[in-house]
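Hi everyone, thanks for coming. Let's have the sequence and the structure up on the screen, and then I'll walk you through a few places in it.

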Amino acid sequence: MSELRERSAAFDDDDVDGYDAVPWNYRAIFGEFKGIPWWAAILAALIPAFIGAFIDINSSKTVGWTFYVVFFVGALAAILLVQRRSLFGPMVQPPLILAATVPTLVLLTGDPGKGGLSAMALGLGKPLIDSFPVMALTTAVTVGLGILRIALQKNPNRPTKDEVREAKAEIRERAKPVRRPREQPEEDERPRRPRPEGAPARRPRPEGAPARRPRPEGARAERPAGQRKPRPPREDR
């Protein structure tokens with residue numbers, strides 16, 4: 001498994017021979033050019049939203065079509081131009097951008113002492129409620145495009161199933177212990193037990209002498225009468 005990880009990590013880096021100018025996980029959705037990083041994708045959606053909300057709030061005290069258009073276009077540009085490895089942020093950022101731009105501009109452009117808290121709550125709530133359908137549609141589009149990019153922009157050099165199976169089989173074969181056959185010594189090279197010093201040499205059996213009968217199983221060897229051990233006397237209890 002470590003070999004497969006090393007191969008995939010090597011494929012993720014820049015190609016050695018210059019075959020790919022930009023790695024696949026650094027590209028945008030179009031062509032083979034390098035995409036923008038995650039922080040640039042946030043700014044690409046945040047700055048147009050601030051400008052559109054500022055124009056609408058100054059003119060009509062609420063958000064309108066100017067904000068809706070620039071908000072949708074900025075979020076769409078962020079999800080299309082961001083790098084493949086940084087898709088999560090632009091996919092979920094439309095609600096956060098709406099919550100950061102509209103209330104901030106309402107508080108900055110409104111008169112906090114006029115109308116009290118009820119007027120301030122109404123001034124914050126009305127733009128958020130009016131822009132909720134556009135925010136929901138924009139979030140659905142960005143999430144859909146992000147899932148589409150994840151499905152389409154895959155590693156072109158990833159190993160196939162057959163290559164993975166062969167690599168696993170090779171690693172399994174390498175992990176098996178090697179069994180070496182035991183070398184049997186020849187008859188003349190087998191070690192013999194040394195005879196103790198002073199021990200009489202064995203006499204060869206004369207030719208024609210009868211072989212010893214094997215003792216039957218369960219038979220007891222009888223001792224001579226003089227060599228029998230007497231039984232100890234039985235103690236009376």
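In helix H2, residues 38-60, the buried positions are Ala40, Ala41, Ala45, Ala49, Gly52, Ala53, Asp56 and Ile57. Buried here means under 20% relative accessible area, while exposed is over 50% and partly exposed lies in between, with a 1.4 Å probe and protein chains only. Their cover includes H3 and helix H4 (88-109). Helices are DSSP runs of H or I, at least four residues, numbered from the N terminus. Just after H2, lysine 61 has a positive phi of about 65 degrees.

A word on the source: this is a predicted model, where local features need pLDDT of at least 70 and side-chain atom pairs count only at pLDDT 80 or more, though totals for chains, interfaces and linings use all residues. Residues are numbered from 1 along each chain as its sequence is written, and side-chain values use heavy atoms, leaving out hydrogens and water.

How confident is the predictor? On pLDDT, its per-residue confidence from 0 to 100, the protein averages 76. Helix H1 (residues 2-12) is lowest at a mean of 47, and helix H3 (residues 65-81) highest at 93.

Now to H3, where tryptophan 65 and tyrosine 68 sit three residues apart, about one turn of the helix. Tryptophan 65 counts as exposed at 69% relative accessibility, whereas tyrosine 68, at 12%, counts as buried. Phenylalanine 67 is buried too, with a relative accessible area of 1%.

That's my tour, friends!

Note on methods
pLDDT is the predictor's confidence in each residue, from 0 to 100. Helices (H or I, at least four residues) and strands (E, at least two) are DSSP runs, numbered from the N terminus. The expected span of a helix is 1.5 Å times one less than its number of residues. Contact means heavy atoms within 4.5 Å.
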